[in-house]
Structure formats: structure tokens, C-alpha cells
Amino acid sequence: ATPTALLAATGRGAQLGILVSGPQALERLRRIDTLVLDKTGTLTTGRMSVVGVTGRTDAGAVAGRTDTGSAVDAADEAVRLSTAEAEAVRLDTAQAEAAVRAAEETVSLTPDEAVRLAAAVEHGSEHPLARAITAYGDTRRTALGDHRPLPAVRRFAATAGYGVTGEVDGRTVTVGRPGDLTELPAALADAVRTAEDAGHTAVLVTADGTPQAVVAVGDTLRPDCYRAVDHLRRLGLRPVLATGDRAATARAVAGHLGITEIHAGALPEEKAALVTTLKEQGGRVAVVGDGINDAAALAHADLGIAMGSGTDAAIGAADVTVLRDDLQAVPDAVRLARRTLGTIR
Ligand code: ADP
Ligand code: MG
């Protein structure tokens, strides 16, 4: 293509809300045949909200309470026997009750308390899940008339594709991927399954290593994504879903769009490895993503496409940025490149 044609295409791209980094990017855009799509923030709006919180049912604490109950009964029985003996039992009862209270405090938080700790830690993250959880925490604190400031967080750390951790109120709190469900109390494992079958993301909150609550976070598909994915197929592109989210959630979302190739539970480096594999198989691979977790895959792709609403890391790693908050911009961009540079594929 002539420089004039390229310049015209770049200008037309800008009108369509597509920022192309240069002529080479336009050339590569024309040739792509495989499109790896991220889920959260790319196929979905990324404007997530909490749809439910499930706490642990306190098997341990309930058992503790039962023990205390029988200790109290025993103490009453003892009163009838001798005052001195009864006094000894009452002391045991007081100790047992204190132990149960301590156990309840460390082992079993109320869902609202778990959310409060989670929201404090998520303050340090810019992930869409984090925004949903902090917003929900604000709502709950207002509803509860809790005017305490959020507790301070020490030793905050975020792991892309996993979640966040930090020390809050002397406890080590983690908020993130649920991991192996067989290691969770039944009520929490059930909450994870129910959320994921509905296409929601289940986030686990732990305190000092003990699972406390499952927060179900709902996200909605972008209204434009049905048409855009359909359009991409008609352009001859093969859509592949790659997400850090778990398989059940990924399947629910992909099902709506008729996407059959799904790579779920993919850590950032696994998304990048998938891109490399697809390239080795002869694919000319573009990646569309929005998050820090997509940056490596965007960089490994023949062409990286970042959603403009996404993180700086994604935009920095991409060749094309979609400024218009609309996935339809992706097929528009491919068509523009093909028209400008001829239709040879
Ligand atoms: P996607 O590929 O769909 O954009 P990510 O790779 O960003 O998803 O995240 C993958 C998983 O890691 C999420 O489903 C969640 O379980 C967990 N996760 C990542 N960041 C956070 C966070 N800040 N808070 C809670 N969970 C998180
Ligand atoms: Mg994402």
C-alpha cells in the first residue's frame, strides 16, 4: 500500500476508535486468522458487582457451643452435689466459653466481617473483581451503620491470575481463586459451584489460612460481543477463549457466544504459552485483552489488541488499542486493514 493509503487507513481507524501503532501493525492485522479473547473486561464489561456472599457454616464453633452447653448442664448438676465442686466446674465452663469465643473470632468470621477484611485488602488492587468487592464493602458498611474506617493493610501483595493478600487486624487475609474445592468446607464448596454454574466468578476469602467466605461476583457480557464474535467468524477468524477464571465460569460465558475452544484457569504465562503453541501450529495469532494478566500474551502474539478501558500494562504491550468501548471495533479494524492493504489472506 502507498503511504497515502496507510495514512488514510490510520485516520479512518481513529474515526472508528481504533488506534494502530504503525504500518506494520496494520499489515499484521490484515493477516491474522486466530483470535485469542480474554474473558473478564474483554468479552464482559468488567464492571462487576457482588451478587452474594456465603460464610462458612460453623461446624467447629457449633460443636464447641454444644460442648459448652453440656458443661453448663454438668455445672448445674454439680450445684446440687456440692458448692465447691460446682465452682470448679463453673471455672471450666468459663474457660470453655472463652475458648469457643476465641475460636469463633479466629476461625469463623461473619460474612460481613470477611467482606470487610477482603475489601481492605482489595483496596490495593485495580482488578475488576477488586473494585466490585470494595464497592460492596462500602455498601455493607453503610447498611450496617459501621463508621469505622477500613482497617490498615500491611504486607500487601497481588499475584496476577491468583488474587491478593495482606495483613489486616493481625490476620493474614487472602482474597482470590478458590483452588481445590475438596479442601473447602461443604457450604463454601457448594457456593463456589453454584456461582460458577451461573457464569459468576467465585472468590474465596481466607484468614490465617482458614477459608471464611465465598464472594460471588457477577459480570455481564458486553452487549456488543455477540455481534462482534459473529462478525469475527464471518471474517474467517477462529475465536479462542483464554481466561484466568475457572472452567465452569468460562464454559457458561463461551456457551452464550458459541465459542468452543476454551482455555480456563490460565495463569498469565499460560496465556502466553497458548499463544506460542497456536503460532507453532501455523496460526497468525492476535490476542485481545485488558489486564495486567494479559500483557505477556499480548506481547507474544503476532498482534496485540488492548481494550482502551484496560490497564496501562495491557495497552503498553499492544499494537492496537480499542478506544471505543465496543468489541465490534475489533472486526472493524480487521476489515479496515484488509480493505486498505488488499484482501490477500
Ligand atoms: P481473566 O483472565 O478472566 O481476565 P484474571 O486472570 O484476571 O481473569 O483472574 C483470574 C482469577 O484470579 C480470577 O477469576 C480470580 O479468581 C483471581 N483473581 C485475580 N485477581 C484477583 C483479585 N484482585 N481479587 C480476587 N481474585 C482475583
Ligand atoms: Mg481481563
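This is a predicted model: local features need pLDDT of at least 70, side-chain atom pairs count only at pLDDT 80 or more; totals for chains, interfaces and linings use all residues.

Seven strands make up an open sheet with mixed pairing, and the order is β1-β13-β12-β11-β2-β9-β10. At the edges you find β1 (18–20) and β10 (262–263), each of which pairs on one side only.

Okay, the overall picture. The protein has 14 helices and 13 strands. Out of its 345 residues, 43% are buried. And if you take contacts between residues at least 6 apart in sequence, 63% of them join residues at least 24 apart.

Next, how is the chain divided up? The domain assignment gives us domain 1 (3–47 + 221–341), domain 2 (49–58 + 108–218) and domain 3 (60–107). The centres of domain 1 and domain 2, taken over C-alpha atoms, are separated by 30 Å. Where those two touch, domain 1 puts in 15 residues and domain 2 puts in ten residues. On the domain 1 side, α3 and α10 (247–257) each supply at least two residues. The helix that gives the most there is α10, with four residues. If you sort that side of domain 1 by class, you get six nonpolar, seven polar and two charged residues.

So where does ligand 1 lie relative to domain 1 and domain 2? It lies between them, because both domains give residues to the shell around it. There are 23 residues around the ligand, and the ones that come nearest are Thr40, His127, Gly163, Gly244 and Asn293. By class, the shell has six nonpolar, twelve polar and five charged residues. Several elements supply at least two residues each, namely α3 (39–43), α7 (128–144), β5 (163–168), β6 (171–176) and β7 (201–207). The largest share, three residues, comes from α3.

On one hand, β5 is joined to β4, residues 153–159, by five bridges, and the two run antiparallel. Within that pairing, Arg154 has Glu167 as its bridge partner. The two strands form a hairpin with three residues between them, and Gly161 in the turn has a positive phi of about 85°.

On the other hand, β5 also pairs with β6, again antiparallel, over six bridges. Here Gly163 stands opposite Gly176, and Gly163 is one of the residues that come nearest to ligand 1. This is a hairpin too, with two residues between the strands, and Asp169 in the turn has a positive phi of about 50°.

Now for the inside. In soluble globular proteins, nonpolar side chains tend to be buried together. In our model, the largest nonpolar core has 55 residues, and Val287, Ile305, Val320 and Val330 touch the most other members. Helix α14 (residues 329–341) provides the largest share of this core, six residues. Apart from it lies another core, of 33 residues, including Leu109, Leu204, Ala207 and Val215. Back in the largest core, let's look at Val330. Not counting residues up to four places away in sequence, Val330 touches Ala228, Leu232, Val288, Ile305 and Val322.

You'll find it in the loop between α10 and β10. Why does Ile259 count as buried? Because it has 20 C-beta neighbours inside 10 Å, and 20 or more is what being buried takes. Leaving aside neighbours within four places in sequence, Ile259 is in contact with Val229, Pro239, Leu241 and Ala254. Compare that with Ala202: Ile259 is 57 residues from Ala202 in sequence, and the two are 22 Å apart in space, C-alpha to C-alpha.

That's my tour, so over to you for questions.

Notes:
Residues are numbered from 1 along each chain as its sequence is written. Chains are lettered from A and ligands numbered from 1 in the order in which they are written. A nonpolar core is a set of buried Ala, Val, Leu, Ile, Met, Phe, Trp, Tyr and Cys residues joined through C-beta atoms within 7 Å. A residue is buried if 20 or more other C-beta atoms lie within 10 Å of its own, exposed if 12 or fewer, and partly exposed in between; C-beta atoms are placed from the backbone. Two residues are in contact if their C-beta atoms, placed from the backbone, lie within 7 Å. A residue is near a molecule or strand if its C-beta atom, placed from the backbone, lies within 6 Å of it. Ala, Val, Leu, Ile, Met, Phe, Trp, Tyr, Cys and Pro count as nonpolar, Asp, Glu, Lys and Arg as charged, and the others, Gly among them, as polar. Domain bounds come from an automatic or database domain assignment. Two strands pair if DSSP finds at least two bridges between them.
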